[in-house]
Amino acid sequence: MTLGSRNTSLIAGACITGFFVAVAAIARFWTPFDTGILSIADKLRPPNARHWFGTDQLGRDVLSMIMLGAQTSVGVALLSVVIGALVGVPLGLLAAARRGSTDEIVMRGNDLIFAFPALLLAILITAVFGPGAVNAIIAIGIFNIPVFARVTRAGALQQWTRDYTLAARVAGKGPLRISAEHILPNLAGLLIVQGTIQFSLGVIAEAGLSYVGLSAQPPTPSWGRMLNEAQTLTALAPYLALFPGFAVLLFVLGLNLLGEGLRRRVGRAA
Amino acid sequence: MSAANLLEIADLNVVIDATRVVKNLSLELRAGEILGLVGASGSGKSLTALSIVRLLPERAACTGVVRLNGTTLSSMPESQMQAIRGRDIGMVFQEPMSALNPLLRIGDQVAETVRLHRQATDAEAQAAARDALNLVGLPGEQGALERFPYELSGGQRQRVAIAMAIVMSPRLLIADEPTTALDVITQARVLLLLQELARSRNMGLLLVTHDLAVLAQLADRVAVMHQGEIVEQAPTAQILRKPRDAYSAALLAAAGLQPKRSKVSRDAAPAILQVRGIVREYPRKRTSLWHRAAPLRAVDDVSLAIHAGETVGLVGESGSGKSSLLRVVLALEPAQAGQVKLLGEEFLSAKGATLSRLRRSIQAVFQDPYGSFDPKWTVGQLIAEPFFLLGSPPSAGERRRKVAAVLEQVGLSAGVAERLPRDFSGGERQRIAIARALITEPAVIAFDEAVSALDVLIREQVLKLLAELAERLKVSYLFVSHDLHVIRAIADRVYVMQQGRIVEEGNADAVFASPRHSYTRALLAASPGRSLSERPINEAGR
């Protein structure tokens, strides 16, 4: 049955995503080892009963690092989605409600941001304002703005063709109030799907930025920097690259499955 | 059963999700005969048509025997069935846009059907396509073959769909609501075309429709379907004169639509809505760098007036500017010239509190019963939405009481306020829309094709309700429609609109009895219901 396959990607995606978010939440309060304490004697241990994922070149527990890295990854990606949605959605609603020159200005502004290679500009921003998690959030968030603006505008334009917007205007409501009361709630499904997709892109972008050293700074662990540091030790300790690599891969896969599952659900309901 | 029958259906049953939607249906159709299958939506008429060509949805289970010229279709392997569809049985559906491939020129589109069923060279297929399009009135000399579907009007698209259906000279043509999406004049032309084709090619035509008026002009025999069963089957003239079944009688009465209320001239009453010299222009895309394109004038110097308690009909075919005019009158779109006076006050330039106060006196019901409600709001919230116009909105309890009161006025129970619009049928939704329009106790309600999307029986009920409400609440209506039946049934006075201008106005009875303008006469002549009362039916088209 087609129904089964739909539910499969939704359930699998939700489970994987939920797992990573839970891990990030747990890491806030507890990790198997304190990654702030270096123990050179224990360095570069392969995975064993005590250190499930082994230890790195400074003797830190890799599992604990991955858990804390999940926290950075979820935090940066989530906040950048929030920034993108908070700015992009109102812009899209405004463009669709006002049309004309407002629409042109908003959408051409979006094109301007789209015209730059995303990661490159993110590097520029963090290079100018200094590396760090906050600047990474802003840099990634800026690229989420036009995505949300476009999706919102397209969905809103479609809603505006429906007679209920006329009915609301006959009831004396202006375009902005109709956008907030009628249009936005009807776009919720669409935006949640887009948010999930942007979340997964954000995870990749955060890993990319921290790989080049422009996101969260040491000692805050992050998957990208773990990959970077593992690079020189590939021959000696391949598992150091393997675990953060798989973490990124699995998390992004989970988010994409979730997005796909949600998209089908929303499509069916509409 | 005689061998002369082209199509024989015996004991057809269709079951969807454990519901029997077609019950023990038997039908016969001779070559050259036109059989009308009529019923309300959900009566199983379309499913019957689809089960002949075995195109039922996958969830549906079908039993029974379908024979075409003695060949049993119902037990045939799918591969052979594919050859039959399009070659021996042509099909025309309701929606002419979605039946055509938007990326194919119409000549190629028709030719493709030929190539699917016959070994033919490109030239032969093109020639066959040209002939078929000629036959349906889209001559190839005028470049029709080269055009894309989006360049054609609704009626022309339906002609292309018919050309595709007849290009292989099928023995049976099935047309499912072929004219429902078209306006009256186009509808009359398409119906005439179908009739000519059936007669000249000795082709059986099964015409599926909800509108008995359409069949009156056209069909030799009519089968009336109700809840999956054929309740009556007889020659058209007989059914129209003396329906035996109660349901057929109800359908007939609805299609005839006699005026329901006493029509009084209310000229003496004060005009509550006065529209003077309205011009509405839409900008067109500029084609030159130096000059603006001349705007499209949708409404051209239109004036009209509505008196207290009066129902005014505004009639015209699609594209005549009546919806644009309505939007200006509702102050939803700006006018380039002219004024609208509501209760003696200028409405279009009103602002703030005055605008809110005036808006309260004019409310509207729109065409699409599915699109005119926000799917996320409950019925109670939707009906209460116009309370926004009140300076001091009523308290929650007061609000609930008022919503319950208007719901009862439109014949729904107060309990439905908690439910979402998707739980309701088209007719119920229009009742909800009427309730929403009534909540501010307006002086005028504007209806934009408000009953066009409804089945005839439901349409009759809604019109009855409107007539009742008008009597009881002394509210005036501005009723915009392309359907003369509807206007005739409800309006005291009519305005006829063509290409943005009012070409005729007057007392409804007078205009319908003796139209002065040629366009009004054309509209009346094209209107399918005319034959119900006036002309001998079995003589149609001979």
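**View 1. Order of the elements in chain A of the predicted model.** From the N terminus, chain A reads α-α-α-α-α-α-α-α-α, that is, nine helices and zero strands. Helices (H or I, at least four residues) and strands (E, at least two) are DSSP runs numbered from the N terminus. This is a predicted model, in which local features need pLDDT of at least 70 and side-chain atom pairs count only at pLDDT 80 or more, whereas totals for chains, interfaces and linings use all residues. Residues are numbered from 1 along each chain as its sequence is written, and chains are lettered from A and ligands numbered from 1 in the order in which they are written. Of the 270 residues of chain A, 47% are buried (20 or more other C-beta atoms within 10 Å of the residue's own, C-beta atoms being placed from the backbone).

**View 2. Strand 19 of chain B and its side chains.** All six residues of strand 19 (residues 493–498) of chain B are buried. B:Arg493, B:Tyr495 and B:Met497 point one way, and B:Val494, B:Val496 and B:Gln498 the other. In a regular strand, side chains alternate between the two faces of the sheet.

**View 3. Partners of strand 19 of chain B.** Strands pair if DSSP finds at least two bridges between them. Strand 13 (residues 311–315) of chain B runs parallel to strand 19 of chain B, joined by four bridges, and B:Val312 has B:Arg493 as its bridge partner. Strand 20 (residues 501–507) of chain B pairs with strand 19 of chain B in the antiparallel sense over six bridges, with B:Asn507 opposite B:Arg493. Two residues lie between the strands of this hairpin, where B:Gln499 takes a positive phi near 45°.

Terms used. A residue is buried if 20 or more other C-beta atoms lie within 10 Å of its own, exposed if 12 or fewer, and partly exposed in between; C-beta atoms are placed from the backbone.
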